[in-house]
Each structure stands twice: as C-alpha cells, then as structure tokens.
Amino acid sequence: MYKLTIPCVSCYASGINDDGLKELVEGVQVKTWLTGTVSDVVAENLDMADVADIPIFNRICEWNKQDMMAVYQCLEQNN
C-alpha cells in the first residue's frame, strides 16, 4: 500500500480489492488505516479521549484548531 493512497472523499473507495483491505500493516487491517479513527489503532491505556474520533488518514491541513490542540496535548501528556 502506498502512503499516498487516499480514499475517495465522497464514496470512500480506495481502489484496493477486498483481499487487500484485509491485509495487515503493523497489525492493523488496511481498511482500518484508511477509514478508521485514532481509537482504532492506539493502545487503550493512553489518555486520548480528545483525539479518539480523529480519522487516521486525515491530513494535518484538514484538522481544525481543536483537533490540532487535542493532538498536541495528547502528545505532551503521553510523552
């Protein structure tokens, strides 16, 4: 899977077949990487309530200010 593969923003199609979506990357299914949220891949023991619903594949430029501050605070608390 190429890091620049981006699902369609209207239909979420990725161009990856069903078998490819089930493949694991670092222990997580490709489909989760493309359409999941932070809570789907981060260990439960970390305090990340404010960032849990941010889509994994969002580009930083797509975040709003609240998302950016939540990520910053999460990184500071869990560092």
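The legends below accompany several close-up views of one predicted protein model.

Residues are numbered from 1 along each chain as its sequence is written, and side-chain values use heavy atoms, with hydrogens and water left out. As the model is predicted, local features need pLDDT of at least 70 and side-chain atom pairs count only at pLDDT 80 or more, whereas totals for chains, interfaces and linings use all residues.

**View 1. The protein chain as a whole, with its helices and strands.**
The secondary structure of the protein chain consists of three helices and two strands, where helices (H or I, at least four residues) and strands (E, at least two) are DSSP runs, numbered from the N terminus. Read from the N terminus, these elements follow the order α-β-β-α-α. Of the 79 residues in the protein chain, 22% count as buried; here buried means under 20% relative accessible area, exposed means over 50%, and partly exposed lies in between (1.4 Å probe, protein chains only). Among contacts (heavy atoms within 4.5 Å) between residues at least 6 apart in sequence, 25% join residues at least 24 apart.

**View 2. Glu-26 in the loop between the two strands E1 and E2**.
Glu-26 is found between strand E1 (24-25) and strand E2 (28-29), and Glu-26 is exposed, with a relative accessible area of 76%. Although Glu-26 is not a glycine, its phi is positive, at about 55 degrees. Most residues other than glycine have a negative phi.

**View 3. Thr-35 in helix H2**.
Thr-35 belongs to helix H2 and is partly exposed, with a relative accessible area of 44%. The side chain of Thr-35 reaches the backbone oxygen of Lys-31 at 2.8 Å, a polar contact, that is, a pair of N or O atoms within 3.5 Å; within protein, one atom must be able to donate a hydrogen and the other to accept it, and residues adjacent in sequence count only if both atoms are side-chain atoms. Thr-35 and Ile-56 are 21 residues apart in sequence, and their C-alpha atoms are 7.1 Å apart in space.

**View 4. The largest nonpolar core**.
Eight residues make up this core, namely Val-38, Met-48, Val-51, Ala-52, Ile-54, Trp-63, Ala-70 and Cys-74. A nonpolar core is a set of buried Ala, Val, Leu, Ile, Met, Phe, Trp, Tyr and Cys residues joined through side-chain atoms within 4.5 Å. Trp-63 is found in the loop between H2 and H3 and counts as buried at 19% relative accessibility. In soluble globular proteins, nonpolar side chains tend to be buried together.

**View 5. Helix H3, with its cap and Ala-70**.
The 13 residues of H3 should span 18 Å at 1.5 Å a residue, and the end C-alpha atoms are 18 Å apart, which agrees; the expected span is 1.5 Å times one less than the number of residues in the helix. Asn-64 caps the N-terminal end of H3, with a side-chain oxygen 3.0 Å from the backbone nitrogen of Gln-66. Within H3 lies Ala-70, which is buried at a relative accessible area of 10%. Leaving aside neighbours within four places in sequence, Ala-70 is in contact with Asp-50 and Val-51.

**View 6. Ala-49 and the cysteines Cys-61 and Cys-74**.
Ala-49 sits in the loop between helix H2 (30-35) and helix H3 (65-77) and is exposed, with a relative accessible area of 62%. Cys-61 is exposed, with a relative accessible area of 66%, whereas Cys-74 is buried, with a relative accessible area of 16%. A search of the whole structure finds zero disulfides, a disulfide being a pair of cysteine sulfur atoms within 2.5 Å.
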